[in-house]
Amino acid sequence: MYLLVSILWICLLVAVSFIGSPMKLRAASVDLPVVRTVGLAPFRAFNKIEWLLGATLLAIGFVQITNGQINASAIWLSIFLLFTVAFQKFWIRPGLDLFAEEIMDGIDRPPSRRHEISVSLDVIKLVALIAVASVA
């Protein structure tokens, strides 16, 4: 089950964060405020899905413990992934949402450092998910 959930999460992460978002920014015929507006919805939805997937990975670990099968690496990686999702949700995303709202209101701002941090965290999640899949 670890393998199935982690591969599903990897596919969604790549699709939303590494393909969908960059492609929206490259759409020449769409204004940046519109791109930001359209970009918020998938990230909000994906965050909810990430919570579910992280909780599922952790639940799999606890079920395995009760069955006498302990995969400590997968459990710790699942906890790490949930903390990463929480960090993005409660610290990174509010700043990015505010940045996007200001752009949509016509305020010209330089790029936010939180974008770089968010992308870095997505790369870290990707590596952690590959690790979960490999220890499954």
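Thr-84 lies in helix H3, residues 72-104. Helices (H or I, at least four residues) and strands (E, at least two) are DSSP runs, numbered from the N terminus. This is a predicted model: local features need pLDDT of at least 70, side-chain atom pairs count only at pLDDT 80 or more, and totals for chains, interfaces and linings use all residues. Residues are numbered from 1 along each chain as its sequence is written, and side-chain values use heavy atoms, leaving out hydrogens and water.

**Overall build**

- The protein chain has 4 helices and 0 strands. Along the sequence, the pattern reads α-α-α-α.
- The C-alpha atoms fill a box of roughly 60 × 25 × 20 Å along the principal axes.
- Of the 136 residues, 39% are buried. Buried means under 20% relative accessible area, exposed means over 50%, and partly exposed lies in between (1.4 Å probe, protein chains only).
- Among contacts between residues at least 6 apart in sequence, 78% join residues at least 24 apart. Contact means heavy atoms within 4.5 Å.
- The accessible surface comes to about 7900 Å², and 71% of that belongs to carbon and sulfur atoms. Accessible areas come from the Shrake-Rupley method with a 1.4 Å probe; for residues, only the protein chains shown count as cover.

**Nonpolar core and surface patch**

- The largest nonpolar core has 21 residues. Such a core is a set of buried Ala, Val, Leu, Ile, Met, Phe, Trp, Tyr and Cys residues joined through side-chain atoms within 4.5 Å.
- Helix H1 (2-25), helix H2 (32-66), H3 and helix H4 (113-135) each give two or more residues to this core.
- Leu-57 is among the residues with the most contacts inside the core. Beyond its neighbours within four places in sequence, Leu-57 is in contact with residues including Tyr-2, Trp-9, Leu-81, Leu-129 and Val-132.
- Val-30, Val-34 and Val-38 form a nonpolar surface patch, with about 210 Å² of accessible area together. Patches use residues with over 30% relative accessible area and no salt bridge; like charges are joined within 9 Å, nonpolar side chains (Val, Leu, Ile, Met, Phe, Trp, Tyr) within 5 Å.
- Val-34 sits in helix H2. Its relative accessible area is 41%, so Val-34 is partly exposed.

- Thr-84 is buried because its relative accessibility is 5%. Its side chain reaches the backbone oxygen of Phe-80 at 2.8 Å.
- Ser-17 lies in helix H1 and is buried at 11% relative accessibility.
- The side chains of Ser-17 and Asp-122 are joined by a polar contact of 3.0 Å. A polar contact is a pair of N or O atoms within 3.5 Å; within protein, one must be able to donate a hydrogen and the other to accept it, and residues adjacent in sequence count only if both atoms are side-chain atoms.

**Salt bridges**

- The structure holds 4 salt bridges. Each is a side-chain nitrogen of Lys or Arg within 4 Å of a carboxyl oxygen of Asp or Glu.
- Asp-97 and Arg-44 pair at 3.4 Å, N to O. Asp-97 in helix H3 and Arg-44 in helix H2 are 53 residues apart.
- Glu-116 pairs with Arg-113, the closest N and O atoms being 2.5 Å apart. Arg-113 is exposed at 61%.
- Asp-122 and Lys-125 meet at 3.2 Å, N to O. Asp-122 is buried at 3%, and Lys-125 is buried at 0%. Salt bridges that share partners join Glu-50, Asp-122 and Lys-125 into one network.
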